[in-house]
Every structure is written in C-alpha cells, then in structure tokens.
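Subject: Structure handover

Hello,

Please find the structure below. My notes on it follow.

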Amino acid sequence: MFSTLKRALAVSLCLASLTSPALARSGTDVTFVQAVEPQGLDPTSGSPVAAGQVTWENVFEGLVAIDRNGQIQPQLARSWQISEDGLTYRFALQPDVQFHNGTPFSSASAKFTLDRLLSDQSTNGQKALFSAIETVEAPDPQTLVLHLSHPDSDLLYWLGFPAAVMVDPASAASNATQPVGTGPFKVDEWRKGDRVLMSAWDGYWGTKPALSHVTARFIADPQAQSAALQSGQVDIISEFAAPELFDRFTKDARFTTHVGSGEMEVVAGMNNARKPFDDLRVRQALQMSIDRSMLIEAVKSGYGTPIGTHFSPASPYYEDLTGEYPYDPARARQLLAEAGYPDGFAFTFKVPTRSYAQRSAEILQAFFQQIGVTATIEPSTFPATWIQDVFKDSNYDMTIIGHAEPMDIGIYARSPYYFNYHSEAFSAALSAISQARDEAARAAGYHKAQEILAHDLPALFLYSDPKLGVWKAGLTGVWENGPVPANDMTDVRWTSD
Amino acid sequence: MPWVKTVFKRLAGLALTVLAASVVIFLAVSLAPGDPAQIMLGTSAQPDTLAALRRQLGLDQPLVWQYLHWLGGIVTGDLGRSYTYGTPVATLIGQKLLVTLPLTALATALALAIALPLGVWSADRPNGPVDILGQILSQFGIAIPNFWIGLLLILGLALGTGWFPSGGFEGWDTGPSALLSLILPAIALALPQAAVLTRVTRTAVLDITGQDFIRTARAKGLSRQRALWQHVLPNALVPVVTMLGLQIPFLISGAVLVENVFNLPGIGSLAYQALAQRDLIVVQNTVLLFATLTLVSNALVDLAYLALDPRLRSRS
C-alpha cells in the first residue's frame, strides 16, 4: 500500500513543483544523489558499487581509469608495456603524487594495494577479477611489474575499476570510515544515513577540479529524490529511478535531462538444473512469449533497450541479438508442446522486492499466461532473503534481477552460480577472450560468447536499463552514460547563474 | 514505605524482561535468512573472500559465544561495530538519537498541545460546535496513516511554499534552521497521536465530571472552572498518561515510516536500513533499544499511577 500511495502522489508532486521557487544557482558547490548508501567508503572491500559511486575518481584513483566513454586511460600509471606473451605488465608510475595524508604514492603503495587485494584475508568482493595476477614487484619507486599466471586481456580494464583503486598502507585499514586517496577531493565528514561531505584538496597532482565542495546525498525513494531536486536541495541525479516522472523534467527548463546508456541488464534468470527449465525448448518458448517492447513500455515508460543476450548497448562489443527469439506466441506454444507440455505448466516466480522487478514480473506473468504457463509470484526481500534463497541456495524456478557490473558475461561460466548453466562452448569462448592478443580477437571472442548465450537462454533476456540523468540547467561535465557505476565530479562545473 | 518496595520490584521485573527480550531478539535476528557477509560482498564474491569477511565480523563463532559477547558488550558499554559502517554502534545510535529524540519530543509536545485543550474544551461543552468538529477531525487523524500525512505535507507545505525542506537533515551545526527539517515530520507524527489523545482526554474529563464527588463539590459552591482545574483534570490525567505511555511503541514505529518519507537520518531509518542490509549487530541493538523503551515507558506509566493516585500508593 505504501508504494501505491506514493506512486499516486508522484504526479501531484510534479505539478506542485511548477509553483516552487526558481532554482538557478551558481558557485562551486554541487550535491548529487545516489539511491544506495555505501557500506563503508572503501571500494576495495565489500561490494564496491555504492562506495565507488561516492569515492571513485573523486577521492580514490587507480593505476588506470575508465573514462566516460568506457575507454581505458592512464592515471596513476602514466604508461605501461605488456610483454609479447601477455604475462608481464610493466607500469611507469606518475611521480610527485601524494595521498591526502601527505604520504607519497609509489610502487610500494601500489604493490601493497594489489597484494592486499589478492591476499587470503582480502574482503574485496571483486577479487576474482584479478586472479590472473601471480606476483607483484616494485623494482624502483616509479615502476610496478605484474607477473600473470595466464594471459588475461581484460585485466587492464579491471584495474580501472573502483575495486582496484590505490590505497596507502598506513590508512588502508581505516578507509571504510576515513578514506584517504590520491584524488582531487578529500572526505570531510560522513553523516551516516544521510550524506558524505567532500572538499577540494590542495595537494592534488593533476588538473584541479572547478568545484570546491561536493556532497553525496543518499535518498532511496525516487519520489523523495524528485522532491529534493525540485525543492532545490540537490543538483544532480545521474540515475533517476522513476521513469514515469522523467518526462516532467524533460519539459522543465530549469533542468537538463539525458537518456544515457547504462550497464544494467535486466534478465529473468531460470534454474537450468530444474525441470522444466532444463529443456532448451521450454526456455525458448518462454522467451518467445515476451514482447520486450511492450514490457519496457509498461515497466519503464518506454525508457530501455530490448536485449537478446547478456550485453548492454553501452558496451563496445554489443550486438543486437533480439531477432534470435522474437515475440511469437504461436511458435512458443508449439515449442512447449514439442517439449511435452501441450497444456503448459506452473512454476514459482521468486521476485526481489524492487519496483522494476515486481512490475516486470507482473507483465511477464501475463505473457506466460498467454501460452498456458502459470507463474505464481512470490516476493523475496532484497537483498537479504533473495541472496540467501535464490543466489546462495539456488532454491528457485525463475527470478528477475538487474545485473549492474559492466562486462560481467563471465558469470554464466561460474560454478556454482544461480543459473546452474553449464556450456563447454561458452567456457571456451571466454577462455579465448582471455588469451586474445589483439583487439580483433577480443571482439570476436565477446561476439561468440554473446551468441552462445542468446541461443542457449540460461536466462530470459529482457531489457537494458537506460541511465536517466536529471540535473540543474547550468551544470556541465556530468557523466551522461554509465560505463562504470560512478558519480565522477572531477569535470563538473557551473557555467551560468 | 511499601511503595518503595513496589518500585523496586517493578524495576527488577523490568530488567529480567529486557534480558528475555535480548535472547528473543538475538535469536530472531541471527536465524533470519540472509548472510550479512554475502550481502556486503555482493554477488561476485568468491567463497574464500566470504570466509575472510565472516572471520573478520566474528560470524564464524558459535551463536552462544556471539550472544554472550554481545551481552557482555552491552554491560560494559560497547555495543559492537556496525558491519556496514565500520563505526561503533553506540556512536551511531547516539548520532541518530540526536535527530529522533527531538523529533519525537516535538511530536509529543505538539500532540499534547493540541489534544489537552481540545479534549477539555470538547468535554466542557459536549455536542457543541468545537466538540463536533474535534470529533470529526480526530476520526480523520486516527484513520489516516502518518506517512500519508507526511506525503501530503511535503506536497502542500514543502514543495508548495518552499518554506520547509522536502526532506533530509542539515545537521545541528547549521544552527536553529535545522529545526525546520523536523517540523513537518513532527506534525505528521503528532496528528494521529493527537487524535487519539483528544478522544481519551474528552472521555476522561466527561467521565470524572459526572461523578458524585464533583457534583458534591459543585453543590457546596465550587465554581465550574475551579472544579475542572482542581478536581477533574488531575484525575483525568491518569488515563491520558496511560495512553501516552501505550503510544510509545506506535510513536517509534511511526518514526520509522515518517523518517523514511522525510529521509531523516534518525534511529528509525537506521533500523530499517540495517534490517535490509542484514547489519545484524545494528538491528539487534536498535530493536533491543525499542523494546527497552517500550518496557520502560510501561513501567513509568505504572509509577505515574502511583504518583497521580494516592489510593494506589496506600494499597501497595
């Protein structure tokens, strides 16, 4: 009832905004909103997404960085060489870089950071991405050498992730509450449950940002986010979660809006180890019973891109494979009959308590009903119950979830993983990507992997979430697309009063 | 003084109940589905990373050890460290109380400021225009949930006029203007409470006014006003105080919703978020705090009876 009432008020909230005072503002302060408050401000421990959204690029920097176009750029490493066999990476580090506490950054801190990430005591949720690194050497203060156990063409990309930012040995243990990085902003205060206050740091080695103060506000509810923006309390929402309110902002001259591409793929994962989902024909039938465009219209007010495999249009390797199993209920019924279910079947649909998931599940339920398949929706509290029930115990038939990590196609080769999908062809394609010596081979590998998934359907591929950005008119430099979940404020500035 | 013994017995009972509550809370929280380490690390974590985090959080220890460790901590003033924030829970709760206590105090004061005069006025002139209006309004107040009132206030007063922030809390260091952030949430929290208290006050005053001892006092020449202030009100306060005490749990649960609507970093929001993220140590401590507050308020109601009603003192 709570959410229904809130939804009912949403439109009225927008109407009321038309009468609220002008919001134009100038200066050097910016407040951005993110829905999830991080669990500690250290992106190198725990799950890095929310921590990275506050601190990545603002407070912490990596050896390399992923830029707003998804490309790898030098950062604390100004250049690098990769050996012929792909097993040795030699980085030349930036000189004269300091951490916020005055400690110089050197190959010793870089070695400490990577050793800590890889150690047995590591609590870095992304540790697996760096498993190719065997040893780390620091032959001189400005040189860092990585020795790999096997080639990994993605490694450089992962090193640009929030999970691999550089930390200072002396302050690493307290970064969760008092982060110390090399970035242009330092954290002044974290008011838990509410906001993180940051200010420009005098000792920054690179180009100084235009902003002097940056505040991260944590507001989970999209309606509350919208109200905060309209009443002038915040300046930027880079991932607005209420598409039904978005149109209002696009028509309001006080705001700039942008529909960017995001990395989130929404998929209905199936337990491939359970009947009847172990039968490819059943999975194909379910996929063909879904009109993805209608789903996006109903769930996301039309904002979203249909996907046919586990890749978002934001990726450089994206391929549109929605034609593999187009909407065709008649063919779907035929496939079900071939699989031995002429009268359909019934199953339990465990749906996490997130509005996009709940809404999508209701629409899917109606689509499935058209081909005689009955889905009983069972809400599963997210994250706690869902992670235990679906993710850890694989105790489910079908679920629905958005996968937010970029380039995370490798999850389908993981065992155990909640899809319980096993394909030698797919594992071989992934291994070819790792071994790739050039960009063409890498791209070919990613295309192959996408095509295998699009054919095998370990999950029903639904849509890619756009990145709906709303910010005050007069702000420039905000990231419009989301190759990495981030609120990078280093290029943001006010241009007008 | 036998009533001292009563007070003492009541306090001992209270301590035992809190202890029992701590066992129930600990078990309920620990046995709830959802592994805190897995939730913190997300879906990409490997088993060895999970094991390392579980070790670090002490989750690999037996449940009895974990419970005793927690209990020992409470006795020595160490409530443990939040899994998600990495800061001591006591500090965290302290910071949140700086928002929630002023909020609930403001709401209670507001509720009393509305309910007492309105209830007395209504009882003094039953079925008059104020009484009828008061009854209609209190019916609305009881029926409408406080988070809904909060949403209406955001719509009407925060966005409509721009006088109040639509949510969030600037912090007390910004000075008295921080109080502005609490006014709308306090109204949202106070109105349903005021509605109930108005009805209780009205009924209690009417009830006492109709009793023989008031009639006798009036027959002996006591003025209407003096009878009301000297005899009716002190007696009518007993049910009002009871209701106020019984409303503490509702005030707490209401604060959870209202704090979420207004995005206030109070203890309600903390508990809500900690539960979602399985920050078990924070959930245990906040729920125990809520339980203790409820039990203590009940005990205070009992003690208030003793103070307000001399007959109970002599009986005990």
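Predicted model: local features only at pLDDT ≥ 70, side-chain atom pairs only at ≥ 80, totals over all residues.

A definition to begin with: helices (H or I, at least four residues) and strands (E, at least two) are DSSP runs, numbered from the N terminus.

**B:Asp279**

Start with this residue. B:Asp279 is buried, yet it has no salt bridge. Which side chain of opposite charge is nearest to B:Asp279? It is B:Lys96, 10 Å away. A salt bridge needs the nitrogen and oxygen within 4 Å. Leaving out residues up to four places away in sequence, B:Asp279 touches B:Ser82, B:Tyr83, B:Thr84, B:Tyr85 and B:Ala274.

**Where chain A meets chain B**

Chain A brings 52 residues to the contact, and chain B brings 49. Together the two chains bury about 4300 Å², with 58% of that on carbon and sulfur atoms. Ten residue pairs are in polar contact between chain A and chain B, both residues being at pLDDT 80 or more. Which elements of chain A give two or more residues to the side that touches chain B? They are helix H1 (2–17), strand E8 (185–191), strand E10 (213–218), helix H5 (222–230) and helix H11 (384–392). Sorted by class, that side of chain A has 20 nonpolar, 20 polar and twelve charged residues.

How many salt bridges cross the interface? The rule finds three between chain A and chain B. One of them pairs A:Lys127 with B:Asp48, whose closest N and O atoms are 2.7 Å apart.

**Salt bridges over all chains**

The count over all chains comes to 27 salt bridges. Here are some of them.

- A:Lys186 and A:Asp188 meet at 3.2 Å, N to O. A:Lys186 is partly exposed because its relative accessibility is 28%. A:Asp188 is partly exposed too, at 44%.
- A:Glu189 and A:Arg191 meet at 3.3 Å, N to O. A:Glu189 has a relative accessible area of 33%, so it is partly exposed. A:Arg191 is at 18% relative accessibility, so it counts as buried.
- B:Arg125 and B:Asp124 meet at 3.4 Å, N to O. B:Arg125 is partly exposed, with a relative accessible area of 43%.

There is also a network: salt bridges with shared partners join A:Asp154, A:Glu439 and A:Arg442.

**Backbone points in chain A**

Two cis peptide bonds deserve a look. One runs from A:Lys275 to A:Pro276, with omega near -5 degrees. A:Pro276 sits in the loop between strand E12 (255–269) and helix H7 (280–288). Another joins A:Ser415 and A:Pro416, where omega is about 5 degrees. A:Pro416 lies in the loop between strand E17 (401–403) and helix H12 (424–435) of chain A.

Next, positive phi values in residues other than glycine. For A:Glu57, phi is near 75 degrees. A:Glu57 belongs to the loop between helix H2 (48–55) and strand E2 (64–66) of chain A. Is A:Glu57 buried or exposed? It counts as buried, because its relative accessibility is 7% and the cut-off for buried is under 20%.

For A:Ser394, phi is near 50 degrees. A:Ser394 is in the loop between H11 and strand E16 (398–399) of chain A. A:Ser394 counts as buried as well, at 18% relative accessibility.

Best wishes

Note on methods
Residues numbered from 1 in each chain as written. Chains lettered and ligands numbered in written order. Heavy atoms only, no water. Contact = heavy atoms within 4.5 Å. Buried area = accessible area lost by both parts, 1.4 Å probe. Polar contact = N/O pair within 3.5 Å; in protein donor to acceptor, adjacent residues only side chain to side chain. Nonpolar A, V, L, I, M, F, W, Y, C, P; charged D, E, K, R; others polar. Buried < 20%, exposed > 50% of the residue type's maximum accessible area, 1.4 Å probe, protein only. Lys, Arg positive; Asp, Glu negative; His and termini not counted.
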